[in-house]
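Please look over the model below.

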Amino acid sequence: MTGTLVIGAGQAAASLAIKLRALGYDADITIIGQEPTPPYQRPPLSKAFLRGDLTEDRLLLRPAAFWADNNISLLLEETATQVDVAGKTVTTDKSATLSFDHLVFATGATPRHLPDAIGGALGNVFCIRGKNDVAQLAPQLKPGKKLVVIGGGYIGLEAAAVARKLDMDVTLIESQPRILQRVAAQETSDYFRKLHQDNGVNVLENTPIQGLVGDQDVSGVALQDGSVLAADLVITGIGVTPNSEIADAAGIKVLNGIITDDHCRTSADNIWAIGDCASFAYRGETIRLESVGNAIDSGDCVAANIAGTDTPYVPKPWFWSDQYDTKLQIAGLNLGYTEVITRNDAAAAGLSFWYYQNDTLIAVDSVGDRKAYLGGKKMIETGISPLKSDVADVTKSVKEIMLAG
């Protein structure tokens, strides 16, 4: 074959392929995916899908027939094992050798697991990354069972919320001084800590673990202070590692992901990287964005470039999290913030936290305030930085703040 070959079958790969066809690209498109399922959404896995509120067919990004109807080949349950940059070929574990004009890494990331030496291989220890993870976990979520969640990031908090709604006994452990420390300000952490405590979660911060205990299945979590928390099951949410090994082995430059330039190109000609596996420059730092928005936008960017345009990638970060009946929406990226302004619009039942780097607005965390999220997102993307006093003044609407900025 020639055309475009994609390693990985998640949101980024799907967005790339869909956009290529929309742009009139008529060469071959082949997607290699390790799972047996066509491309599907991952964010609902720790939310609606885990709760049982979203069926498997609604999880799919497109109906199964879409791919064949649009002449997009899916090689499912297949793994790319080697890339020959000079020969422009990819070898898979099914002994297939596939040639390409353009190769796109959309390999995503893998959850970090607790080491086997401290009990990570015990039964009833779960992480949430793929559909199969939820298929194994969901039957274990039963009223009265003791769940320990290790990790106070969004995945851990979302899982804790689902478990409490199912009337489980939930303890959440975070080794850092506060939950969400890596991704949010103290103000956001404080809000969600209280939300979980009010819903019956035992939140333990600044609490390192020693390991998991049990015979075949986990029975407890040992803390470094010597105490042991009883556990019928454990969910870990301790971060992910980008899947860049195959690119590294092919001689492509990697550093916390596959290094890309401002067009999503790697260090090799006609080879690109998108989504969670790609690292790139953003506001003077090299970062990865683990988000749906980045997967979609970087996929669209590479599609445009493969189709013959000269399109730079301009990240427009956005994220969301559903916990209980609360929706957190995040615009921008708070790297390097120096001050946080709280906008507490009690009349509209809206709360938002506005991150500034000196006098520049760089991010907004919105809790149930969609106007703050949408307005903040637009201001960040258009370079408007409203006065901090205007943001704090809830007598002024977000629209008024934007116009004044």
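## Terms and basis

A residue is buried under 20% relative accessible area, exposed over 50%, and partly exposed in between (1.4 Å probe, protein chains only). By that scale A346 is exposed, because its relative accessibility is 65%.

This is a predicted model, where local features need pLDDT of at least 70 and side-chain atom pairs count only at pLDDT 80 or more, while totals for chains, interfaces and linings use all residues. Residues are numbered from 1 along each chain as its sequence is written, and side-chain values use heavy atoms, with hydrogens and water left out.

## Overall build

The protein has twelve helices and 26 strands. These are DSSP runs numbered from the N terminus: helices are H or I with at least four residues, strands are E with at least two. The radius of gyration is 22 Å, close to the 22 Å that the globule rule gives for 405 residues, so the protein is as compact as a globular protein of that length. That radius is taken over C-alpha atoms, and the globule rule is 2.2 Å times the number of residues to the power 0.38. Along the principal axes, the C-alpha atoms fill a box of roughly 65 × 55 × 35 Å.

Of the 405 residues, 51% count as buried. The accessible surface comes to about 17800 Å², and 49% of it belongs to carbon and sulfur atoms. Accessible areas come from the Shrake-Rupley method with a 1.4 Å probe; for residues, only the protein chains shown count as cover. Contact means heavy atoms within 4.5 Å. Among contacts between residues at least 6 apart in sequence, 59% join residues at least 24 apart.

## Cavity

Rolling a probe the size of a water molecule over the atoms shows where empty space is left. On a 1 Å grid over the protein atoms alone, a cavity is a set of points where a 1.4 Å probe fits but cannot get out; a pocket is an open set with protein on both sides within 12 Å along at least five of seven lines; lining residues have an atom within 4 Å of a point. Grid points are joined across faces, edges and corners, and a volume is the space filled by probe spheres set on the points.

The count is one cavity of 30 Å³ or more. The largest cavity has a volume of about 40 Å³. Its lining is T260, C264, A273, I274, G275, A278, F280, N294, S298 and Y313. By class, the lining residues are six nonpolar, four polar and no charged. Here Ala, Val, Leu, Ile, Met, Phe, Trp, Tyr, Cys and Pro count as nonpolar, Asp, Glu, Lys and Arg as charged, and the others, Gly among them, as polar.

## Second largest pocket

The second largest pocket has a volume of about 190 Å³. Q11, Q41, P43, P44, K47, A48, L54, V292, W320 and D322 line this pocket. Its lining divides into six nonpolar, two polar and two charged residues.

## Positive phi

Most residues other than glycine have a negative phi. C264, a residue of the cavity lining, has a positive phi of about 70 degrees. C264 lies in the loop between β18 (258-259) and β19 (271-273). Its relative accessibility is 2%, so C264 is buried.

S95 also has a positive phi, near 65 degrees. S95 sits in the loop between β5 (89-92) and β6 (97-99). Its relative accessibility is 68%, so S95 is exposed.

## Helix and loop sites

Which residues does L20 contact beyond its neighbours within four places in sequence? They are T4, Y25, I29, A303, I306 and A307. L20 belongs to helix α1 (residues 11-22) and is buried, with a relative accessible area of 0%. L20 and G299 are 279 residues apart along the chain, yet their C-alpha atoms are separated by 9.2 Å.

A346 is in the loop between β24 (339-345) and β25 (350-357). The C-alpha atoms of A346 and V394, 48 residues apart along the chain, are separated by 8.7 Å.

N124 lies in the loop between β8 (109-111) and β9 (125-126) and is partly exposed at 22% relative accessibility. Leaving out residues up to four places away in sequence, N124 touches Q140, D217, V218, D232, L233 and V234.
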